[in-house]
Amino acid sequence: MRVLSGIQPSGALHIGNYLAMMKPMISYMDRSQLFVFIVNLHAMTSVTEGEQLAVGTLEAASDFIALGLDPDRSIFWVQSDVPEVAELTWILTCITPMGLLERCHSYKDKIAKGISPNHGLFAYPVLMAADILLYQANLVPVGKDQKQHIEVTRDIAIKFNGMYGETFTVPEGEINDQVATVPGVDGLKMSKSYGNTIEIFLDEKDLRKRVMSIKTDSTPVDEPKDPETCNLFQIYRHFAPLDRVKEVGRLYIGGGASYGVIKKELVEILWETFRGPRSEKQKLLNDPGHIRSVLADGAKKAREIALPTIEDVRKKVGIKY
Ligand code: ADP
Ligand code: TRP
């Protein structure tokens with residue numbers, strides 16, 4: 001089975017990315033053929049500064065490896081290093097109905113937030129479809145915000161297969177309800193583009209500041225509180241040991257949960273959770289040549305897998321003559 005997912009190098013990676021996508025992907029390492037890539041072409045829809053994109057790409061790659069992705073037990077590369085994905089995007093664009101893209105929440109949400117829409121932002125789901133279909137992926141683990149994009153991918157695959165004969169595997173999305181949407185410090189979805197993240201690799205002082213800034217209400221310590229609607233608890237429960245999560249959950253319901261105490265505990269837990277990866281990341285960043293060569297090897301493997309599919313598509317649509 002081919003499991004595939006990508007992440008944008010559009011800012012420092014955060015614990016929402018880790019829980020919903022990076023951690024599950026890493027856990028697939030020995031159970032499937034794993035495809036992981038840094039989607040720098042997608043990030044161009046929001047990052048227009050070249051140096052920032054280039055540095056962000058190397059950094060996101062180091063983060064993934066530092067967190068446990070082994071490039072020898074997966075195929076790990078940078079999206080643009082397999083140029084056929086841009087070619088397939090154009091081909092798919094020509095069979096994608098406008099209405100399918102006009103309905104996409106992610107595009108509409110970004111416009112609603114005042115982000116000025118470029119064509120790339122509108123066409124974003126088609127590039128994502130090309131990413132998935134080019135490698136004939138079966139399963140795509142993502143956060144809930146990407147569910148609709150997977151549906152668009154399926155629609156495009158079904159349409160292409162109907163027009164030209166069986167060509168693409170129709171993929172399934174995989175969304176874990178437990179981590180479908182991790183809240184940010186303001187209670188909205190944690191996202192690099194909303195400035196509300198808790199980054200994985202902050203230094204201790206900034207980590208404390210970030211956690212302390214998690215928005216909570218003014219219910220006194222002794223009063224009962226609802227853990228389900230509390231941002232702090234919704235982050236805390238993913239990292240604290242299970243027994244402690246249950247205990248704190250009981251304090252919320254029965255009274256006695258102190259936001260200040262829980263925040264301090266969360267700082268300690270996050271700091272410890274990422275201690276190993278932090279030092280691993282430092283080592284990796286000291287040797288960018290090594291990361292570049294790992295990524296080049298990954299791109300070579302990915303491209304070999306992509307070539308039979310793009311050749312088949314070229315013949316079917318008639319650009320191979
Ligand atoms: P961001 O929104 O921070 O830019 P990406 O678009 O690069 O993140 O998303 C990378 C992966 O992380 C995707 O699978 C996405 O669904 C997931 N993801 C991002 N933010 C969250 C969140 N707050 N909760 C759950 N999953 C998330
Ligand atoms: N759009 C995804 C996101 O923002 C990233 C992405 C690009 C992706 N191509 C993909 C995810 C292919 C899964 C499969 O999170």
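Student: How many cavities of 30 Å³ or more does the count come to here?

Tutor: Rolling a probe the size of a water molecule over the atoms shows where empty space is left. On a 1 Å grid over the protein atoms alone, a cavity is a set of points where a 1.4 Å probe fits but cannot get out. By that rule there are two cavities of 30 Å³ or more. A bit of housekeeping: this is a predicted model, where local features need pLDDT of at least 70, side-chain atom pairs count only at pLDDT 80 or more, and totals for chains, interfaces and linings use all residues. Residues are numbered from 1 along each chain as its sequence is written, chains are lettered from A and ligands numbered from 1 in the order in which they are written, and side-chain values use heavy atoms, with hydrogens and water left out.

Student: How much space lies in the largest cavity, and which residues line the largest cavity?

Tutor: A volume is the space filled by probe spheres set on the grid points, which are joined across faces, edges and corners. For the largest cavity that is about 60 Å³. Lining residues have an atom within 4 Å of a point; here they are I15, E199, I200, L202, L207, L270, W271, F274 and R278. For classes, Ala, Val, Leu, Ile, Met, Phe, Trp, Tyr, Cys and Pro count as nonpolar, Asp, Glu, Lys and Arg as charged, and the others, Gly among them, as polar. This lining has seven nonpolar, no polar and two charged residues.

Student: And which residues line the second largest cavity?

Tutor: S106, Y107, K110, L121, Y124, P125 and H149 do, around about 50 Å³ of space. Helices (H or I, at least four residues) and strands (E, at least two) are DSSP runs, numbered from the N terminus. In the lining of the second largest cavity, α6 (105–112) and α7 are the elements that give two or more residues.

Student: Now the ligands. Which residues are closest to ligand 1?

Tutor: A residue is near a molecule if one of its heavy atoms lies within 4 Å of it. Ligand 1 has 19 residues around it, the closest being H14, G143, D145, V182 and K192. Helix α1 (residues 15–27) supplies the largest share of that shell, four residues.

Student: What polar contacts does ligand 1 make with N17 and D145?

Tutor: A polar contact with a ligand is a pair of N or O atoms within 3.5 Å. An oxygen atom of ligand 1 lies 3.2 Å from a polar side-chain atom of N17, and for D145 a polar side-chain atom is 2.4 Å from a ligand 1 oxygen. Accessible areas come from the Shrake-Rupley method with a 1.4 Å probe; on its own ligand 1 has 530 Å², and the protein covers 96% of that.

Student: Which element gives the most to the shell around ligand 2?

Tutor: That's α7, with four residues. Among the closest residues are Y124 and M128. As for polar contacts, a side-chain atom of D131 comes 2.6 Å from a nitrogen of ligand 2, and Q146 has a side-chain N or O atom 3.0 Å from a ligand 2 nitrogen.

Notes: A polar contact is a pair of N or O atoms within 3.5 Å; within protein, one must be able to donate a hydrogen and the other to accept it, and residues adjacent in sequence count only if both atoms are side-chain atoms. On a 1 Å grid over the protein atoms alone, a cavity is a set of points where a 1.4 Å probe fits but cannot get out, and a pocket is an open set with protein on both sides within 12 Å along at least five of seven lines; lining residues have an atom within 4 Å of a point.
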